[in-house]
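Morning, everyone. Please look at the structure on the screen. I will talk about aromatic rings.

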Amino acid sequence: MKTIVSTPDAVPPLPVFSQAVISGDRVYVSGTIGCTKEFKLVEGGIKAQTRAALENMTIVLKAAGSGLEHITKANVYMANMQGEFHLMNEVYSEFFEGGKMPARTCVGVASLPFGASMEIECIAEVPR
């Protein structure tokens, strides 16, 4: 049985997906980009977008009864991996405790929604 996660505190999902879905003891968080609730990209480039995306992911995880510390796997998609990978990682590393990073894949892509520089999704445990 799956449970849809929805919170008005996070960027709203487009009509074709949910913010997250809980199945068993896991929550699957949809990809999020660094934008406002009005779908406008935050100013400040990849670092600001990464921060906004992770802050939004934090809100969705909290609504699911989880948190960043429970992420087991993250996927990051980047429009300019060669030029901005290190900048994204600078911000990304601020959100996780050293030595306890989740597994992660980072993929370079041709483009992302709304012209975003990065998008992140994750799977996390839901503690009982």
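Start with phenylalanine 114. Phenylalanine 114 is partly exposed, at 47% relative accessible area. Buried means under 20%, exposed over 50%, and partly exposed in between, with a 1.4 Å probe and protein chains only. This is a predicted model: local features need pLDDT of at least 70, side-chain atom pairs count only at pLDDT 80 or more, and totals for chains, interfaces and linings use all residues. Residues are numbered from 1 along each chain as its sequence is written, and side-chain values use heavy atoms, with hydrogens and water left out.

Where is phenylalanine 114? In the loop between β5 (103-108) and β6 (118-125). Helices (H or I, at least four residues) and strands (E, at least two) are DSSP runs, numbered from the N terminus.

Now the pairs. The whole structure has two aromatic pairs. Rings of Phe, Tyr and Trp (its six-membered ring) pair if their centres lie within 6.5 Å; planes under 30 degrees apart are stacked, over 60 edge-to-face, the rest tilted.

Phenylalanine 39 and phenylalanine 114 have ring centres 5.7 Å apart and planes at 20 degrees, so this pair is stacked. Phenylalanine 39 sits in the loop between β3 (26-33) and α1 (45-63), and phenylalanine 114 in the loop between β5 and β6, so the pair ties together parts 75 residues apart in sequence. Phenylalanine 39 is partly exposed, at 27%.

Next, tyrosine 92 and phenylalanine 96. This pair is tilted: 4.7 Å centre to centre, 35 degrees between planes. Tyrosine 92 is buried, at 5% relative accessibility. Phenylalanine 96 is buried too, at 9%.
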